[in-house]
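I opened my notebook to look up a few residues, a pocket, some rings and the cores.

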Amino acid sequence: MANRSNLTIKLLPILLLSAALAGCAASGSSSGSSAAAGNTSSPGTAALFSTGSQADLGKVTLRVGQTGWASLEQGFKAAGVDDTPYKLEFSVFQGGNLQLEAIAADHLDVAQTSEIPPIFASQSAGGGNFKIIALSNSNTLNQEVVVPKGSPLKQPADLKGKKVAFVKATTAHYFLLKILQEAGLSWSDIQPVELSTADGLSALLSGKVDALASYGNSIITAHENGASTLASAKDILSGNFPIEATPAAIADPGKHAAIADFLNRLNRYQEWARQNKEKWAEITAAATHQDPETALKTLEEGEAQRPSKVLPVTPEAIASNQDVADALQTVGLLKAKVDVSSFFSDAFASEIK
């Protein structure tokens, strides 16, 4: 686990994902990607079809969430792993918190978040209607507190009394809390402003807030507009980004087989991206309105810090998530202690290759 000063975490979203849970509105564009006659040569696929026949999979639609932009849909296509024997339906959200809201409402089968959103979502009705089934271990770069160009704020202690935008119930919420604590400040020492990633960036650039705690493309764009880093969370966060599924999808033979196949295809796509950095950077740049050089640098630095890889649930990952929950409870962001092991599942442990 990564060094987190006094604690470890992982939440954000996204990978380019960090990783994330609260009252923001979804940027809900949805798009479908399907293949009628699936290529069954992907790792582990033969075993998967023992739980759901190809005929059954042809009737399956797997609804998958992603954060920020259509990276999975475009990545699967570019890597040539979009030839699934089931229909893939991707939806884009501004944070993992919103994905879990969609899971709770049965609008998604699979979500990808940081460590934080599941903790808060587990406190909602029905326990949030999810189980963590795998982990996307990834980099923790571009998770920062930034200040606008020309800001007089030079260190975290300068945030006292200032308006700080953050994305509630995401990694940004957690790492802002930890950064304040390390600077000798408490949550009550700042004026916290709950905003989405897009609204937080707009508020920073327009001068409506003094600082922004966010992740991913909002941080990249902030820097392109002259913002500077006040503090980074790269050594606070763990790099564990949970992948969640609904209990109904886990129990359904066809969807279970589709999820296992999807997880292995996700690993194949990530390996393709590592081997084709320039091409993937061009696709990323076009989709996120960056220049290709910036996108390539972000990709290379992220993979150098921690190569992206889908892994089964481990005791260490559960312990990491428990540390985060305990920290949030200690400062009153949770009313009572949360046993995170209750929302982890090893249902796919033997099927992730």
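**Entry: N129**

I looked up N129 and found 26% relative accessibility, so this residue counts as partly exposed (buried means under 20% relative accessible area, exposed over 50%, and partly exposed in between, with a 1.4 Å probe and protein chains only). The model is predicted, so I noted that local features need pLDDT of at least 70 and side-chain atom pairs count only at pLDDT 80 or more, while totals for chains, interfaces and linings use all residues. I also noted that residues are numbered from 1 along each chain as its sequence is written, and that side-chain values use heavy atoms, with hydrogens and water left out.

N129 sits in the loop between α5 (116–121) and β5. Helices here are DSSP runs of H or I with at least four residues, strands are runs of E with at least two, and both are numbered from the N terminus. What does N129 touch, not counting residues up to four places away in sequence? I listed I103, A104, D106, A245, T246 and P247, where contact means heavy atoms within 4.5 Å. For N129 and T246 I wrote down 117 residues apart in sequence and 5.7 Å apart in space, C-alpha to C-alpha.

Next I turned to D291, in the loop between α11 and α12. Its relative accessible area is 33%, so D291 is partly exposed. Not counting residues up to four places away in sequence, D291 touches E224 and A285. D291 and A281 are 10 residues apart in sequence, and their C-alpha atoms are 9.0 Å apart in space.

H289 is also found in the loop between α11 (277–288) and α12. Is H289 buried or exposed? H289 is exposed, with a relative accessible area of 70%. I marked its phi, near 60°, as a positive value in a residue other than glycine. A reminder to myself: most residues other than glycine have a negative phi.

I found N142 in the loop between β5 (131–137) and β6 (143–147). With a relative accessible area of 18%, N142 is buried.

N142 also turned up in the lining of the second largest pocket, together with L141, E144, I220, H223, E224, S232, K234, T294, K297, T298 and E301.

α8 (217–224) and α12 (292–305) each supply at least two residues of the lining. The largest share, 4 residues, comes from α12. I sorted the lining into 2 nonpolar, 5 polar and 5 charged residues.

**Entry: aromatic rings**

I found 9 aromatic pairs in the structure. Rings of Phe, Tyr and Trp (its six-membered ring) pair if their centres lie within 6.5 Å; planes under 30 degrees apart count as stacked, over 60 as edge-to-face and the rest as tilted.

The rings of F76 and Y269 have centres 5.9 Å apart and planes at 50°, so I logged this pair as tilted. F76 lies in helix α3 (residues 71–79) and Y269 in helix α10 (residues 253–275), so the pair ties together parts 193 residues apart in sequence. F76 counts as buried at 1% relative accessibility, and Y269 counts as buried at 3%.

For F166 and W187, the centres are 5.1 Å apart and the planes are at 90°, so that pair is edge-to-face. F166 is in strand β7 (residues 163–166) and W187 in the loop between α6 and β8 (191–194), 21 residues apart. F166 counts as buried at 2% relative accessibility.

I also noted one aromatic cluster, formed by W69, F76, F90, F262, Y269, W272 and W280.

**Entry: nonpolar cores**

Last, I looked up the largest nonpolar core, which has 50 residues. A nonpolar core is a set of buried Ala, Val, Leu, Ile, Met, Phe, Trp, Tyr and Cys residues joined through side-chain atoms within 4.5 Å. Which residues have the most contacts inside this core? They are V145, L159, F175 and L328. Helix α6 (residues 171–182) gives the largest share of this core, 7 residues. Apart from this core lies another, of 35 residues, including Y86, F90, F262 and Y269.

Technical notes. On a 1 Å grid over the protein atoms alone, a cavity is a set of points where a 1.4 Å probe fits but cannot get out, and a pocket is an open set with protein on both sides within 12 Å along at least five of seven lines; lining residues have an atom within 4 Å of a point. Ala, Val, Leu, Ile, Met, Phe, Trp, Tyr, Cys and Pro count as nonpolar, Asp, Glu, Lys and Arg as charged, and the others, Gly among them, as polar.
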